[in-house]
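Here is a note for a colleague who has not seen this structure before. Please read the numbered points with the model open.

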Amino acid sequence: MKKLTFSILYIFRLSVENLFGLVKSTLFSAVAVKSNLSDLCVATLNQLIIDFEKYQQVVKKQRKSALTEKLLLADNDRNERFGEIKRNISLHLKGRDAKKKAFAKTLEYFFKPYWDLETKPLNTETALLSEMFGKYNSKSELQSVALNIGIDNMLKELEAANNAYDELYILRMSEGADLPDESATAQKSTLCDSYTEFCKAIEQAANFTPSESVLSLFKNMDELRSKYHALTPNGKDITEEEPVKESESA
């Protein structure tokens with residue numbers, strides 16, 4: 001029987017915001033099946049909950065910047081632009097023009113992984129939009145489809161709006177406004193360690209004492225790991241410790 005191992009995730013490279021999102025989503029899945037977990041899994045889960053609550057409080061205390069309001073306006077701008085694009089696609093899907101309906105279906109399929117990206121954390125949204133435009137700009141057939149239903153300029157404007165947001169964010173970063181203080185840095189390290197221990201416990205349980213609840217949780221956690229791994233920079237710091245043994249398997 002093939003041993004189950006978690007997908008690669010360089011957790012120490014995650015941003016403050018993305019680490020928060022990963023652990024919060026992990027806890028949502030884990031707490032739901034807590035009564036079906038072993039004592040060891042429950043113990044590591046309880047510690048993860050404690051450390052997450054401490055981390056959450058410290059993150060909330062991060063300093064604000066005069067650029068915060070501009071960033072929120074820039075985020076609203078790109079969200080409104082993306083909303084307009086989705087409305088146009090939906091309109092053509094319901095229309096009578098067969099060709100435009102087919103074009104809209106092609107774009108709907110392409111946008112499916114990104115359809116709700118405006119609900120994601122702001123930095124995650126930026127990364128997903130950049131990823132989306134990287135794919136879109138490399139596919140001439142998609143650009144042609146967008147032109148045929150009249151949303152090509154909307155997409156160009158959305159890309160520009162996302163770049164404008166990212167430039168503002170980098171400017172705010174240069175002011176030090178988005179960097180956590182020493183206590184947040186320490187809490188981030190502690191939370192990463194707790195997450196690591198919980199992953200090890202669940203991985204062991206999935207291999208040696210598997211149950212429907214454990215295997216379902218393992219799958220959910222692995223999907224989250226893959227999702228957040230895609231948001232980390234390529235490569236690995238030589239000082240970075242990988243929380244779970246690296247494996248090419250899912």
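1. Helices (H or I, at least four residues) and strands (E, at least two) are DSSP runs, numbered from the N terminus. The expected span of a helix is 1.5 Å times one less than its number of residues. The model is a predicted one, in which local features need pLDDT of at least 70 and side-chain atom pairs count only at pLDDT 80 or more, while totals for chains, interfaces and linings use all residues. Residues are numbered from 1 along each chain as its sequence is written, and side-chain values use heavy atoms, with hydrogens and water left out.

2. Helix 1 has 17 residues; from first C-alpha to last it reaches 25 Å, close to the expected 24 Å. Its buried residues (under 20% relative accessible area; exposed is over 50%, partly exposed in between; 1.4 Å probe, protein chains only) include Val16, Leu19, Leu22, Val23 and Leu27.

3. Rings of Phe, Tyr and Trp (its six-membered ring) pair if their centres lie within 6.5 Å; planes under 30 degrees apart count as stacked, over 60 as edge-to-face and the rest as tilted. The count by this rule is 7 aromatic pairs. One of them, Phe6 with Phe218, is stacked, with 4.3 Å centre to centre and 20 degrees between the planes. Phe6 lies in the segment before helix 1 (16-32) and Phe218 in helix 9 (residues 212-229), so this pair ties together parts 212 residues apart in sequence. Phe6 and Phe218 are both buried.

4. Phe133 and Tyr136 have ring centres 6.4 Å apart and planes at 85 degrees, so they form an edge-to-face pair. These two residues are 3 apart in helix 5 (residues 122-137), about one helical turn. Phe133 and Tyr136 are both buried.

5. Lys188 lies in helix 8 (residues 182-208) and counts as buried at 18% relative accessibility.
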